[in-house]
Amino acid sequence: MRGAAGVFQLKIKNKKFMLKVNLRHLEEHGLRLQGELPVAELDLGVNDELIRAEQPLRLDLSVELLHDAVLATGSLVLPLECECARCLKKFKFNLKLTGWAAHLPLEGEDKVAVDNDCVDLTPFVREDILLNFPQHPLCKPDCAGLKQKQTARKAGAAEKTAAAAWAELDKLKLK
Ligand SMILES: [Zn+2]
């Protein structure tokens with residue numbers, strides 16, 4: 001179906017071809033890619049205890065053919081489940097790339113791989129998602145971390161502090 005702006009709307013259904021664009025189609029018209037990509041397809045390879053990516057990547061991209069390149073622009077949103085590195089509170093964080101753009105040359109040394117007239121955008125999306133992955137997730141920028149009792153001089157105070165910290169943790173986990 002042809003959209004109002006004369007741009008083809010392509011609803012993503014077959015996950016195998018999700019982020020591939022056919023250059024022959026692009027020669028005729030620009031493409032709009034809208035939909036959700038299962039996060040497994042991104043193959044992020046992130047092994048971080050504090051950050052989990054289990055929800056699909058939401059994307060809305062316009063793809064066009066320039067003289068000797070493919071230009072993809074639009075937005076990428078990846079919902080993440082994080083745990084604060086200081087206080088261990090769980091929080092949700094949307095990794096958003098709103099002005100995302102990828103310029104993929106079809107000529108020259110840096111030219112992009114073309115397979116059966118198709119260019120796969122997945123590696124470029126993956127790279128930029130990874131570059132923007134939070135390195136040190138915090139529930140808020142000034143998170144003070146777990147409240148710690150000030151130094152007590154009595155014997156056993158350290159153990160009590162530790163016990164209190166664990167109690168705090170248990171409370172947090174129950175929430
Ligand atoms: Zn925190």
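L88 is partly exposed, with 15 other C-beta atoms within 10 Å; on this scale, with C-beta atoms placed from the backbone, 20 or more such neighbours make a residue buried, 12 or fewer make it exposed, and anything in between is partly exposed. L88 also has a positive phi of about 70° although it is not a glycine, and its place is in the loop between strand 6 and strand 7 (90-105). Helices (H or I, at least four residues) and strands (E, at least two) are taken as DSSP runs and numbered from the N terminus. The other residue of this kind is D43, where phi is near 50°, again positive in a residue other than glycine. D43 sits in the loop between helix 2 (39-42) and strand 4 (51-52), and it counts as exposed because it has 10 C-beta neighbours inside 10 Å.

All of this comes from a predicted model, in which local features need pLDDT of at least 70 and side-chain atom pairs count only at pLDDT 80 or more, while totals for chains, interfaces and linings use all residues. Residue numbers start from 1 along each chain as its sequence is written.

The protein has a mean pLDDT of 83, with 78% of its residues at 70 or more. Confidence is lowest in strand 1 (residues 8-11), at a mean of 53, and highest in strand 6, at 97. Two stretches stay under 50: residues 1-6, for which the model has five contacts beyond four places in sequence, and residues 149-154, for which it has three. Where pLDDT is low, the predicted coordinates should not be read in detail.

As for the overall layout, the protein has four helices and eight strands, following the pattern β-β-α-β-α-β-β-β-β-β-α-α along the sequence. Buried residues make up 15% of the 175 residues. Contacts here mean C-beta atoms, placed from the backbone, that lie within 7 Å of each other. Among contacts between residues at least 6 apart in sequence, 58% join residues at least 24 apart.

Next, the strand pairing, where two strands pair if DSSP finds at least two bridges between them. Strand 5 (residues 57-65) pairs with strand 3 (residues 31-37) in the antiparallel sense over seven bridges, and L61 of strand 5 is the bridge partner of L33. Strand 5 also pairs with strand 6 (residues 69-83), again antiparallel, over eight bridges. On that side L61 stands opposite G74, while E64 has L71 as its bridge partner in strand 6. Strands 5 and 6 form a hairpin with three residues between them.

In soluble globular proteins, nonpolar side chains tend to be buried together.

That brings in the nonpolar core, defined as a set of buried Ala, Val, Leu, Ile, Met, Phe, Trp, Tyr and Cys residues joined through C-beta atoms within 7 Å. The largest one has 25 residues, of which V63, V70 and L121 touch the most other members. Strand 3, strand 5, strand 6, strand 7 and helix 3 (122-131) are the elements that give two or more residues to this core, and strand 6 gives the most, with six. Leaving aside neighbours within four places in sequence, L121 is in contact with L19, V21, A72 and A102.

Terms used: pLDDT = per-residue confidence, 0-100.
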